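This explanation follows the interface between two protein chains, going from its overall extent to single residue pairs.

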Amino acid sequence: MSKKVLIIGAGVAGLEASGVLSKLGYNVTIVEESDRIGGKLNRWSHLFPSRRPASEVLEHLQLNLDPNTVIITNSKITDIAVKDTSIEASLNTGKHIDADAVLISTGFELFDAKKKEEYGYQIYENVITSADLEKIFKEGKELTTSKGKAPKRIGIIHCVGSRDEKVGNTYCSKVCCVTGVKQAIEIKEHLSSCEVFNFYMDLRMYDRHFEDLYQEAQVKHHVQFIRGRLSEAFENPDGTVMVKVEDTLLGKPMKMNLDLVVLLVGMTAGNNSLFKKQLRLETGTDKFLVPADEHFKSVSSKQKGVFFAGACTGPKTIENTITEARAAALEIAGYLKN
Amino acid sequence: MPDFGYKISKDRQINFDENSKNLFAEVAMREPSVYRCISCGTCAATCSAAQFTSYSLRKMILLLKRGEDKEVITSVSRCMLCGKCQLACPMGVNTRNLILSIQNAIKKLSHV
Ligand SMILES: Cc1cc2nc3c(=O)[nH]c(=O)nc-3n(C[C@H](O)[C@H](O)[C@H](O)COP(=O)(O)OP(=O)(O)OC[C@H]3O[C@@H](n4cnc5c(N)ncnc54)[C@H](O)[C@@H]3O)c2cc1C
Ligand code: SF4
Ligand code: SF4
Ligand code: SF4
């Protein structure tokens, strides 16, 4: 009888790993706590850097799923333990699952922008997050101010909830700079006469094609990049938002009014406390799960039979998540053969 | 005016809303490669004018984009149009023509 793998979390990582494990001949069960598979892919409209529709990537992941894969949605693991060479898990529905290996692919949470109160999210009318903007694009809605007008000037704020000791997240979320540049271009494509400003500390355009997007934003769309972290934001009586930054490349303070502010929210660790406690897993100071070895066991935990893939071990792109999911599937196969 | 023994400091803040961006628009039309600038400072590092004065082409481009025209006008006179910056710029900004365009645009918009 073929061996069984339990996958926790049906985002990009869980789905891709599932497809590969099935091809390798293992029986896969996926437990997903929400009502649908796909994770954050369900929330994004078009992906950086290629601008491919997120739905297309999700379809591809779904096509690769084996028809015999058991997918249990709307379910939470309440207990999980490694017993000798097997894993036993109980769900809140009363169901029990036993498996020979488990893949944790629980992903990440979006930073809650309300915690950065001084930026006025859900206090000021015209402050939204990058995730809200994705929703507007995904639903094909028009981008307007709270009063239903076409915005003439939009500011995109980098590093919201990242690189910020005060909110407890000192790390870089890696995906928000390029998301901000992509969204700046998308805004210009919808509203060509709207001025768009990106307020950044560093532009982290590290991956293939990212720098091209940045140049496209500047040269083709005349997006303006202002190096300086948002310091103050306050709402004017007409609903516009006055922002203050230092233009650090000029060494001068600067103020301007914006019709709409987009906060590039970062990635924070998901709630893995149950797994941490019951499977004795480690988390770092950033609260993400820590693999057994950063170079050679980047998809394994220190616990026998427990593996990781995707953003549960730190911010990463979908491309990197997919690569990791495949690596994890192979690592699991190697483990189960021995 | 009586001398109170102190003076009022000038406001250094860039008031983006009040600054006109006409000069920048005029320059960008004449030399669109200005949009390629990534504010790296390679130009200013090699510039003789920047070595002896507070002039910097990198800064001048930013001042132009922010509408700080007064400072652009004092800056641009420092350039000797030697063209060294153009050899150095990694982004292919046509710096020499950019500076000439700034000078001509200033004349046209009669900021003197
Ligand atoms: C604003 C924004 C835009 C982005 N845009 C892009 C982009 O354009 N291109 C790109 O490459 N990347 C993008 N990313 C990054 C991308 O979202 C991640 O790389 C990807 O979602 C990681 O996939 P994952 O499967 O690890 O996690 P997730 O997508 O978070 O999926 C995790 C899944 O696990 C489930 N889960 C969590 N905990 C449990 C539990 N205890 N039990 C059961 N199920 C659980 C969740 O419900 C979810 O379905 C963006 C990120 C942000 C913040
Ligand atoms: S990717 Fe950019 S916006 Fe996101 S945390 Fe890092 S530096 Fe800040
Ligand atoms: S052309 Fe002007 S800005 Fe360029 S290096 Fe010469 S003096 Fe400096
Ligand atoms: S060298 Fe070129 S890209 Fe760099 S600051 Fe000067 S003009 Fe801009």
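The model shown here is predicted. Between chain A and chain B the count is four salt bridges. One salt bridge joins the side chains of Lys252(A) and Glu71(B), with an N to O distance of 2.2 Å. Polar contacts are also found across the interface of chain A and chain B: the rule gives 14 residue pairs, both residues at pLDDT 80 or more.

On the side of chain A that touches chain B, several elements each supply at least two residues: the strands β13 (195–200), β14 (224–227), β16 (241–247) and β17 (252–258), together with the helix α5 (210–220). The largest share comes from β17(A), with six residues. By residue class, the side of chain A that touches chain B divides into ten nonpolar, six polar and six charged residues.

β17(A) also pairs with a strand of the other chain. Its partner is β1 of chain B, residues 14–15, and the two run in the parallel sense over two bridges. Within this pairing, Lys255(A) has Asn15(B) of β1(B) as its bridge partner.

The extent of the interface can be stated in two ways. In residues, 22 of chain A are in contact with 20 of chain B. The size of an interface is often expressed as the accessible area lost when the parts come together.

How values were computed: Residues numbered from 1 in each chain as written. Chains lettered and ligands numbered in written order. Predicted model: local features only at pLDDT ≥ 70, side-chain atom pairs only at ≥ 80, totals over all residues. Heavy atoms only, no water. Contact = heavy atoms within 4.5 Å. Polar contact = N/O pair within 3.5 Å; in protein donor to acceptor, adjacent residues only side chain to side chain. Helix = DSSP H or I, 4+ residues; strand = E, 2+ residues; numbered from the N terminus. Nonpolar A, V, L, I, M, F, W, Y, C, P; charged D, E, K, R; others polar. Pairing = 2+ DSSP bridges.
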